[in-house]
Amino acid sequence: MLTNCFGEFMGTLMLILLGNGVVANVLLRRSKAEGAGWMVIASGWAFAVMAGVFTAIACGSSDAHLNPAVTMGFAVSTGHFAKFAPYLLAQMAGAFAGAILVWLHFLPHWEETPDQALKLACFCTAPAIRRFGANLVSEIVGTLVLVFVVGAIFSKEVATSGPASGLGPYLVAALVWGIGLSLGGTTGYAINPARDLGPRLAHSLLPIANKGASDWNYAVVPVLGPLIGGGLAGLLLRLVVK
């Protein structure tokens, strides 16, 4: 379990370093990628997932979930919850550490960026239209798609022995890319409690120049929504996918 948790920690760290890194690259002032837009952000997050999964596997995780909602979904699907708490802690710690590295990497750019909301967006999500119910539904639906389709990709119905060796991370990355392009514009598609909560905590604690508040009033949505969506996906997988 310790080796698996180290893999989850390292994979989630890489996920956040590259994922929040692309957001910072696009949003922070005087970055050479400033203003590159949503396609770059969605693509960068897809590549971040790919890199995170490969890193987690190489560092010892046999699952490479990187996401408490994914861990929840497969726990519900299989009926085995022993991994949930240890993976949750490892994923949260990895996300927190990855956010610190993003802050260090872009250190001169925080002071150059006057918009506090843009700086916060380099750490965690915020809705385009702030309505609790609608925002929660968006996170539930996006995460349900993530966990259910991941389960389908690795199901025996799709391939008896699973995807070809080494192909899985690319397929999951393509799925996350698709979610970002199709469903991400409402809430910024956290679809991962650790991805949002760990960096939000880092934002609140780090000495970021003129950073503003960490928007804790919204924080429940990208935590609760993905856990609900992951759990629902797990139930569907248990019912219809072998």
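Visitor: Where is Ile 191 found?
Guide: This is a predicted model: local features need pLDDT of at least 70, side-chain atom pairs count only at pLDDT 80 or more, and totals for chains, interfaces and linings use all residues. Residues are numbered from 1 along each chain as its sequence is written, and side-chain values use heavy atoms, with hydrogens and water left out. Helices (H or I, at least four residues) and strands (E, at least two) are DSSP runs, numbered from the N terminus. Ile 191 is in the loop between helix 8 and helix 9.

Visitor: Is Ile 191 buried or exposed?
Guide: Buried means under 20% relative accessible area, exposed over 50%, and partly exposed in between (1.4 Å probe, protein chains only). Ile 191 has 6% relative accessibility, so it counts as buried.

Visitor: What is the phi of Ile 191 near?
Guide: Ile 191 is a residue other than glycine, yet its phi is positive. The value is near 40°.

Visitor: Asn 210 also has a positive phi. Is Asn 210 buried or exposed?
Guide: The phi of Asn 210 is near 50°. Asn 210 sits in the loop between helix 9 and helix 10. Its relative accessibility is 54%, so Asn 210 counts as exposed.

Visitor: Which residue's side chain does Thr 187 join in a polar contact of 2.6 Å?
Guide: Thr 187 is in the loop between helix 8 (168–183) and helix 9 (193–205). At 1% relative accessibility, Thr 187 counts as buried. A polar contact is a pair of N or O atoms within 3.5 Å; within protein, one must be able to donate a hydrogen and the other to accept it, and residues adjacent in sequence count only if both atoms are side-chain atoms. The side-chain partner of Thr 187 is Glu 139.

Visitor: Which residue has its backbone nitrogen 3.5 Å from a polar atom of the side chain of Thr 187?
Guide: Contact means heavy atoms within 4.5 Å. Leaving out residues up to four places away in sequence, Thr 187 touches several others, including Pro 127, Asn 135 and Tyr 218. The backbone nitrogen at 3.5 Å belongs to Tyr 189.

Visitor: How many salt bridges does the structure hold?
Guide: A salt bridge is a side-chain nitrogen of Lys or Arg within 4 Å of a carboxyl oxygen of Asp or Glu. One of them joins Glu 34 and Arg 29, at 3.5 Å from N to O. The number of salt bridges is 5.

Visitor: How many residues apart in sequence are the parts that Asp 63 and Lys 83 tie together?
Guide: Asp 63 and Lys 83 form a salt bridge, with the closest N and O atoms 2.7 Å apart. Asp 63 lies in the loop between helix 2 (38–58) and helix 3 (68–78), while Lys 83 lies in the loop between helix 3 and helix 4, so the parts they tie together are apart in sequence by 20 residues.

Visitor: How many residues apart are Asp 215 and Arg 130?
Guide: Asp 215 forms a salt bridge with Arg 130, the closest N and O atoms being 2.9 Å apart. Asp 215 lies in the loop between helix 9 and helix 10, and Arg 130 in the loop between helix 6 (116–121) and helix 7 (132–153). The pair links distant parts of the chain, and the separation in residues is 85.

Visitor: Which helix gives the largest share of the nonpolar patch?
Guide: Patches are made of residues with over 30% relative accessible area and no salt bridge: like charges are joined within 9 Å, nonpolar side chains (Val, Leu, Ile, Met, Phe, Trp, Tyr) within 5 Å. Phe 132, Val 220, Leu 224, Ile 228, Leu 232 and Leu 235 make this patch of about 480 Å², an area from the Shrake-Rupley method with a 1.4 Å probe, where for residues only the protein chains shown count as cover. Leu 235, for example, is partly exposed at 46% relative accessibility. With 4 residues, the largest share comes from helix 10.

Visitor: What is the radius of gyration of the protein?
Guide: The protein has 10 helices and 0 strands. The radius is taken over C-alpha atoms, and the globule rule is 2.2 Å times the number of residues to the power 0.38. For 242 residues that rule gives 18 Å, and the protein comes close to it, so it is as compact as a globular protein of that length, with a radius of gyration of 17 Å.
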